[in-house]
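Hello,

Here is the structure I promised to pass on to you. Please have it open while you read, and my notes follow below.

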Amino acid sequence: MYTQAMDTMRDEGGDKPALRTAEEAQLQQRFDNRIDAGDFIEAKDWMPENYRKTLLRQISQHAHSEIVGMLPEGNWITRAPTLKRKAILLAKVQDEGGHGLYLYAAAETLGSSRDQMLDALHTGKAKYSSIFNYPTLTWADVGAIGWLVDGAAIMNQVPICRCSFAPYARAMVRICREESFHQRQGFDSLLVMMKQGTDAQRAMVQEAVNRWWWPCLMMFGPPDDQSPNSAQGMRWGIKRVSNDTLRQKFVDAAVQQAEVLGVTFPDPDLRWNEANQHWDYGTIDWSEFWRVVGGDGPCNRERLADRVKAWEDGEWVREAALAHARKSELKEAA
Amino acid sequence: MWEVFVRTKAGLDHKHCGSLHAADPKMAVQMARDVYTRRQEGSSVWVVRSDQIVASDPNDKDMYFDPAEDKVYRHPTFYKLPDSVDHM
Ligand SMILES: [Fe+2]
Ligand SMILES: [Fe+2]
């Protein structure tokens with residue numbers, strides 16, 4: 001089954017002849033069997049070209065998201081209300097940088113260099129998660145990101161720990177272990193404001209939740225009936241759970257947590273469905289999603305400009321490190 | 001590019017945990033600490049240049065490792081001893 005869908009993609013790409021050698025067909029068969037058996041694929045194993053391409057795109061975009069994701073929160077490090085919150089936020093943002101690194105390393109095993117990937121990001125060719133194109137206007141946004149954005153990310157990422165491509169799965173295991181702290185610190189920060197804060201602080205929390213709720217639901221991607229590549233990802237064992245299933249799981253968990261916090265979600269259609277034992281939610285504005293993905297969100301230009309500036313400002317540091325390494329090597333040789 | 005190995009605590013093996021980019025060995029060790037042991041995951045790190053690692057061929061995996069498959073007598077469970085001494 002994978003073969004058929006892949007051939008379609010290959011034809012679309014038009015980069016390879018549809019005809020295969022007998023040897024290739026045999027390799028393909030062995031690969032399919034391994035996927036069916038729930039085996040892991042390692043970087044040096046044979047894999048279909050489209051499997052490699054799909055993974056490379058997904059992992060590098062995931063890496064870019066971690067890195068760009070440092071920006072909205074990094075914005076608040078110098079203005080965190082207490083030393084404790086500042087230390088926590090620093091640690092969280094540092095974690096995200098680490099996540100980006102694990103993922104770039106996993107993508108590199110597929111044969112793309114770090115420089116190529118960064119170039120794709122900086123020239124706007126590669127995408128990153130739409131969520132990071134929204135602004136962090138108040139301190140409550142930092143808590144809301146931890147609770148909701150990292151919460152949604154965890155929902156998305158846990159199934160990838162069982163991804164058929166082993167280097168990606170291993171990176172994901174490490175990342176998921178660290179994400180839990182991110183979500184909890186966010187919730188904790190909001191809880192303090194809701195329980196011990198002033199009316200103004202409580203209103204600030206509610207206002208932040210209002211802004212982040214819908215973009216968070218969009219993080220799970222288009223509805224199942226509008227994600228044609230999802231089925232392929234499922235067959236390959238890259239994707240394990242569908243977008244809508246994950247989104248529902250997130251909504252169900254978040255509604256309960258919101259009650260503890262004492263905030264509401266900006267959705268008049270949000271109500272308990274006795275029949276299917278889930279929370280029904282309103283219609284998501286997918287035109288907004290596509291606009292933001294397409295580059296026209298509130299902060300797309302700013303985020304990209306910040307990344308490019310950071311890369312260019314760091315140029316002399318990278319050069320100096322390499323020059324130092326060359327010099328030390330020469331000294332040792334002498 | 002460097003491969004990173006971490007010993008999680010004294011007495012255990014160093015285990016491969018990932019890779020990173022660094023200009024020289026000293027920087028690689030520092031980066032390994034910052035990236036892979038932020039929560040006291042290790043008490044020692046090794047870094048090895050990725051291109052210095054020699055690996056077995058993944059395509060020969062079956063041919064290469066299966067000869068050990070039928071050598072069941074290499075396992076202690078192969079030997080069924082009288083009950084009175086079977087826990088030896
Ligand atoms: Fe992360
Ligand atoms: Fe996170």
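What is the volume of the largest cavity? It comes to about 50 Å³. Here a cavity is a set of points, on a 1 Å grid over the protein atoms alone, where a 1.4 Å probe fits but cannot get out. Grid points are joined across faces, edges and corners, and the volume is the space filled by probe spheres set on the points.

Before the rest, a word on conventions. This is a predicted model, in which local features need pLDDT of at least 70 and side-chain atom pairs count only at pLDDT 80 or more, while totals for chains, interfaces and linings use all residues. Residues are numbered from 1 along each chain as its sequence is written, chains are lettered from A and ligands numbered from 1 in the order in which they are written, and side-chain values use heavy atoms, with hydrogens and water left out.

**The cavity**

The structure holds one cavity of 30 Å³ or more. Its lining is made up of A:R85, A:I88, A:L89, A:W139, A:V142, A:G143, A:Q185, A:G186 and A:S189, where a lining residue has an atom within 4 Å of a point. Helices (H or I, at least four residues) and strands (E, at least two) are DSSP runs, numbered from the N terminus. By type, the lining divides into four nonpolar, four polar and one charged residue. In that count Ala, Val, Leu, Ile, Met, Phe, Trp, Tyr, Cys and Pro are nonpolar, Asp, Glu, Lys and Arg are charged, and the others, Gly among them, are polar.

Which residues hold the iron ion (ligand 1)? Its protein donors are A:E66 (OE), A:E96 (OE), A:H99 (ND1) and A:E179 (OE), at 2.1 to 2.2 Å. A donor is an N, O or S atom within 2.8 Å of the metal (3.2 Å for Na, K and Ca), and sites may look incomplete, since water is not among the atoms. Along the chain these donor residues are spaced E-x29-E-x2-H-x79-E. The pair A:E66, in helix α3 (residues 49–68) of chain A, and A:E96, in helix α5 of chain A, links distant parts of the chain, 30 residues apart. A:E66 is buried because its relative accessible area is 6%, and A:E96 also counts as buried, at 6% relative accessibility. (Buried means under 20% relative accessible area, exposed over 50%, and partly exposed in between, with a 1.4 Å probe and protein chains only.)

The iron ion (ligand 2) is coordinated by A:E96 (OE), A:D150 (OD), A:E179 (OE) and A:H182 (ND1), at 2.0 to 2.2 Å. Its donors follow the spacing E-x53-D-x28-E-x2-H. A:E96 lies in helix α5 of chain A and A:H182 in helix α8 of chain A, so this pair ties together parts that are 86 residues apart in sequence. Both A:E96 and A:H182 are buried.

A:E96 bridges the two iron ions, ligand 1 and ligand 2, which lie 3.3 Å apart.

What about the geometry? The site of ligand 1 is irregular, with angles of 81 to 151 degrees among its four donor atoms, and that of ligand 2 is irregular too, with angles of 83 to 165 degrees. Four donors count as tetrahedral if all angles lie between 85 and 135 degrees; four count as square planar and six as octahedral if opposite donors are over 155 degrees apart and all others between 65 and 115; anything else is irregular.

**A few single residues**

A:H122 lies in helix α6 (residues 114–122) of chain A and counts as buried because its relative accessibility is 15%. Leaving aside neighbours within four places in sequence, A:H122 is in contact (heavy atoms within 4.5 Å) with A:L304, A:R307, A:V308 and A:W311.

Two glutamines have a positive phi. A:Q277, with phi near 60 degrees, is in the loop between β1 (271–273) and β2 (278–280) of chain A, and is partly exposed at 43%. B:Q40, with phi near 55 degrees, sits in the loop between α1 (25–36) and β3 (44–49) of chain B, and is exposed at 74%.

Best wishes

Technical notes. On a 1 Å grid over the protein atoms alone, a cavity is a set of points where a 1.4 Å probe fits but cannot get out, and a pocket is an open set with protein on both sides within 12 Å along at least five of seven lines; lining residues have an atom within 4 Å of a point.
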